[in-house]
Amino acid sequence: MPTCRICGTPLHTFLDLGHHPLSSAFPAPAEAPGAACDAFRYRLAVGRCERCALVQLTDDIPHGYRPYPGYPYHSSGSTVMREHFRATGRHLLRTELSGTHTPFAVEVGCTDGVVLRCLADAGVRTLAFEPSGYTGHGGIRVHRAFLTAASAREAVAAEGPAQIVYAANTVCDIADLPGLFAGLDELLAPGGVFVFEDPYFGEIVGRTAFDQFYDEHRYYFTATSVRALAERFGFRLVGIERLPVHGGQLRYTLARAGRRPPSPAVAELLAEEAGRGLTDPAVLAAFAGRVDGVREDLVALLEELHAAGRTVAGYAATAKSCTVTTYCGLGPHLIPYICDSTPAKQGRLTPGARIPVRPPDAFAAPYPDYALLFAWNHAAEIMARERAFRAAGGRWILYVPGVRVV
Ligand code: TMP
Ligand code: ZN
């Protein structure tokens, strides 16, 4: 029986989406299916810890698996996200947050470094802990390691303690959270804060956004579970903010126990989660039922369009699309290609479903009748940029929070 990675208590599995390839394993067309980088499968099932309420994948996934050089994630790839991260930089610069005009700021898992760049431009001393070796950091200093007690001690010996540690879309992917907290304990100044943002399980349930479940999201946090997690490791949840990006995230602020009172927003959200019964078995069972319903509706719509001779293309070969295509059994027969702006994905096939990935130019040459939008979290930006598609009679297919054509 799968158990909680934090407290060892058995997990209550409430959703099982079957066996999936890794969401970043884009094979080259010449790779034979059985031997290709997307041949590996893991069971994509989600459970809730009966004791600490932490929602997590039930199965372990080999960490750090990168099928080819040039791991395709760039945090600032969209205009909205670039602006979000600049605003995040301004938020982190507020003196009320760090307690000083001259903080030392550290980011954990900075990918392309957009937040630290913003802080560095404001004269703040910065350092990133980024084990991936990704080098597009625009002059940001990178400590090529995970944040652990040992790597934090090295950094503190050389640079002193940090007033701010920040992470976006990273903590939810860190298998060893006790190790992360041990690192924070070494790294943070006594009055320092740890600020992190990740997809919010409350939004996943509220929107039936089951495609947020994939190998690189191991944990799906709530205010309730983050409070318990922080307290287990000597910290307190003192701040919470809702973020509209990526389909609904929460930004948590943690401080050492006894250093800061929690903001009213913390108690408000804890009460809201309790009122919703967010992780009650009945609520989770109803959620799993809605997920099934989305699959039925989406497959029915695509088969109907196919039978009627309408053309359908995918838009954005996201990690989320891997969950959708695998769980719904979609392949090139229903979606002959997906257009995506990431050069490293173009010319390759999507994981498992083996749908060819084409560059964005291919979208208009000619336009399909319908486009299935896998980057629904960027819908406003994409639909505005591609308004000529609708003007030419094209229609978008969305599946969050339910299947609809717009
Ligand atoms: P992610 O949701 O897994 O982070 O990946 C975003 C993917 O979507 C990435 O492969 C780039 C692609 N994309 C586009 O192709 N066009 C766009 O306008 C946006 C915002 C993303
Ligand atoms: Zn637990």
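Student: In what order do the 4 strands of the open sheet come?
Tutor: Strands here are DSSP runs of E with at least two residues, numbered from the N terminus, and two of them pair if DSSP finds at least two bridges between them. The pairing in this open sheet is antiparallel, and the order is β1-β2-β3-β9.

Student: Which strands stand at the edges?
Tutor: Each edge strand has a single partner, so one side of it is left without a neighbour in the sheet. That describes β1 (11-20) and β9 (219-220).

Student: Good to know what I'm looking at! What kind of model is it?
Tutor: Local features need pLDDT of at least 70 and side-chain atom pairs 80 or more, while totals for chains, interfaces and linings use all residues, as this is a predicted model. Residues are numbered from 1 along each chain as its sequence is written.

Student: Which residues coordinate the zinc ion (ligand 2)?
Tutor: Donors are N, O and S atoms within 2.8 Å of the metal (3.2 Å for Na, K and Ca); water is not among the atoms, so sites may look incomplete. Here the SG atoms lie at 2.3 to 2.4 Å, and they belong to C4, C7, C49 and C52.

Student: Is C49 buried or exposed?
Tutor: Buried means under 20% relative accessible area, exposed over 50%, and partly exposed in between (1.4 Å probe, protein chains only). C49 has 1% relative accessibility, so this residue counts as buried.

Student: Which residue is the bridge partner of H12 in β2?
Tutor: β1 and β2 (residues 42-49) pair in the antiparallel sense over 7 bridges. The partner of H12 in β2 is R48.

How values were computed
Chains are lettered from A and ligands numbered from 1 in the order in which they are written. Side-chain values use heavy atoms; hydrogens and water are left out.
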